[in-house]
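Subject: Structure for your review

Dear colleague,

Please find below the structure that I promised to pass on to you.

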Amino acid sequence: MAIQFNKEVWSRLLHRTKKTAAEAAEAAKTGAAIVGQKAEETLACAKLRSSIRELKGEIDNQLKAAGELVYATHKGTPSDSEALQTILERLDALNRDLSDAERELKILKGALFCDVCGAENAATNVYCQECGQPLSRL
Ligand SMILES: [Zn+2]
């Protein structure tokens, strides 16, 4: 009888240990997934910050080139207006890319943008602070 009792206790204990181990493994998996997701987000943020830096550098270069052409004209050496136009169009494209990258970085960091008016809202807002429309969370 004593052996049977011990067997039962042993089996219950074993079952509980297995269950705890399984739960621990599950919790570790969830934890790893969260850490992985955070790392991915951080990597995406770092990549965006790096492209924002590059875009700003390129915008500075193009502004300098445009300024040199305008100044040369002022000093009596008329510059090729097509060359200036090309630089200005490049600047338009760079500024669009820059604001897209900045917006994406803000979204990654939790900001919400209104689908109706485009205003930036804090992550805790339910309604747009500019137009009052409900904000959608993706
Ligand atoms: Zn709005």
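The notes below go from the whole chain to single residues.

Please bear in mind that this is a predicted model. The mean pLDDT of the protein is 87, and 93% of its residues reach 70 or more. Confidence is lowest in helix H1 (residues 2-74), with a mean of 83, and highest in H2, with a mean of 94. Where pLDDT is low, the predicted coordinates should not be read in detail.

Overall form

The protein contains 2 helices and 2 strands, and from the N terminus on these elements follow the order α-α-β-β. The radius of gyration is 30 Å, well over the 14 Å that the globule rule gives for 138 residues, so the protein is more spread out than a compact globule. Along the principal axes, the C-alpha atoms fill a box of roughly 110 × 35 × 15 Å. Of the 138 residues, 4% count as buried. Among contacts between residues at least 6 apart in sequence, 38% join residues at least 24 apart.

The helices

Asp60 lies in helix H1. Is Asp60 buried or exposed? Asp60 counts as exposed because it has 11 C-beta neighbours inside 10 Å, and a residue is exposed if that number is 12 or fewer. Asp60 and Gly36 are 24 residues apart along the chain, and their C-alpha atoms are separated by 36 Å.

Helix H2 comprises the 28 residues 81-108.

The segment after strand E2

Pro134 is found in the segment that follows strand E2 (120-121). With 11 other C-beta atoms within 10 Å, Pro134 is exposed. Which residues is Pro134 in contact with, leaving aside its neighbours within four places in sequence? Its contacts are Val126 and Tyr127. Pro134 and Cys114 are 20 residues apart along the chain, and the distance between their C-alpha atoms is 8.1 Å.

With kind regards

Note on methods:
Residues numbered from 1 in each chain as written. Predicted model: local features only at pLDDT ≥ 70, side-chain atom pairs only at ≥ 80, totals over all residues. Helix = DSSP H or I, 4+ residues; strand = E, 2+ residues; numbered from the N terminus. Expected span 1.5 Å × (residues − 1). pLDDT = per-residue confidence, 0-100. Buried ≥ 20, exposed ≤ 12 C-beta atoms within 10 Å, placed from the backbone. Rg over C-alpha atoms; globule rule 2.2 N^0.38 Å. Contact = placed C-beta atoms within 7 Å.
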